[in-house]
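I open this notebook to record what I looked up in the structure shown below. The entries follow the order in which I made them.

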Amino acid sequence: MGLDFVGQGAGETDGNIITTTIDKVVNWGRKNSLWPMPFGTACCAIEMMATLASKFDLSRFGSEAIRFSPRQSDLLIVSGRISIKMMPVLKRIYDQMPDPKWVISMGACASCGGVFDTYTLIQGVDQFIPVDVYIPGCPPRPEDLIDAVLQVQQKITSGASPKGVEVVYE
Amino acid sequence: MNEENQVEEQPKPLILEKLEANHADALLAQDASRGTVVVVIHKDQVSAVLEYLKTDPELAYTFLVDVTAVDNSQMESELMQFDYARFMVVYQLYSFQGQCRLRVKVPVHENDLNIPSATGLWKSANWLERETYDMFGINFEGHPDLRRILMPDDFEGHPLRKDYPLRGRGERESFNFEKQNV
Ligand code: SF4
């Protein structure tokens, strides 16, 4: 996290002061308190539920506070098939989430339509919303979802802005 | 004589006996050979027959399980059997009293897609008929609210028809995402 301990010699401040940058502290907090918004529309959502439940326990990584209101969340997990009729709903939910926000596209269907190359299915949600991490698999194992959350955390630590941010203010 | 060769005479199901006695002219075909009773009914008398099936105290098919349709346009054997009717509307019924199921099939020609609605008999027919309309374009006359139920309102065509292309007619690309009521 870029911590530096100040004060090497004998004295009152010895090891009691740390210096860092404000961004790093904020990102450290963000990373460990991701609040996911689940968008489960099909079988992948079952694996997402398993990931959140006690057996795999996503809360070990600080992301267990599932919010069903997009306004309180900063990580959108798209898990399942998205039809053309559902896409406006997903877009609306994404738009309602406050910045900074990250998106995980879970499974083959959300990422590219999967085996459902049919008249009604979106062939990849990234045509409409920016996706930060894709998970392959049909369905992906809960470990894969945990790995994706860890990748999001890595992105946050590294200071990279989410894909959804169009203008980056320096 | 070998016992296995003796075919046991199955009693004729009550439903078939009663239909033959009361609605013989509506009955186009019947089959009870594979555990489910299937009857094919002429379209003109579908309302009368369905009402009879529901209200007759001995039959009492009070539960409409499903309404759907089949597009037989590529099933030559089926087409020949029923005067080249392209669609077959299918009703699945259940009788709690007799604990038995019944499948009622009605041939529908492509040039006359109208069929009387069953919403007056079973409330559950409402959404099921909307789905059949959405997917096959069958027009249920007398339905209180015959709109699409699965596809978007401005969708064109009926996608479960066999001549509908699997990848669609470009609606994935041309769908207006901004104009939808969310
Ligand atoms: S990727 Fe597989 S498991 Fe996931 S929603 Fe699609 S079909 Fe279901």
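This is a predicted model: local features need pLDDT of at least 70, side-chain atom pairs count only at pLDDT 80 or more; totals for chains, interfaces and linings use all residues.

Residues are numbered from 1 along each chain as its sequence is written, chains are lettered from A and ligands numbered from 1 in the order in which they are written, and side-chain values use heavy atoms, with hydrogens and water left out.

I looked up confidence next. Chain B has a mean pLDDT of 87, with 93% of its residues at 70 or more. The predictor assigns the complex an ipTM of 0.74 and a pTM of 0.80.

I then turned to the interface. Chain B contributes 18 residues to the contact and chain A 14 residues, contact meaning heavy atoms within 4.5 Å. I find two salt bridges across the interface of chain B and chain A (a side-chain nitrogen of Lys or Arg within 4 Å of a carboxyl oxygen of Asp or Glu). One of them joins Arg167(B) to Asp117(A), whose closest N and O atoms are 2.4 Å apart.

How values were computed. pLDDT is the predictor's confidence in each residue, from 0 to 100.
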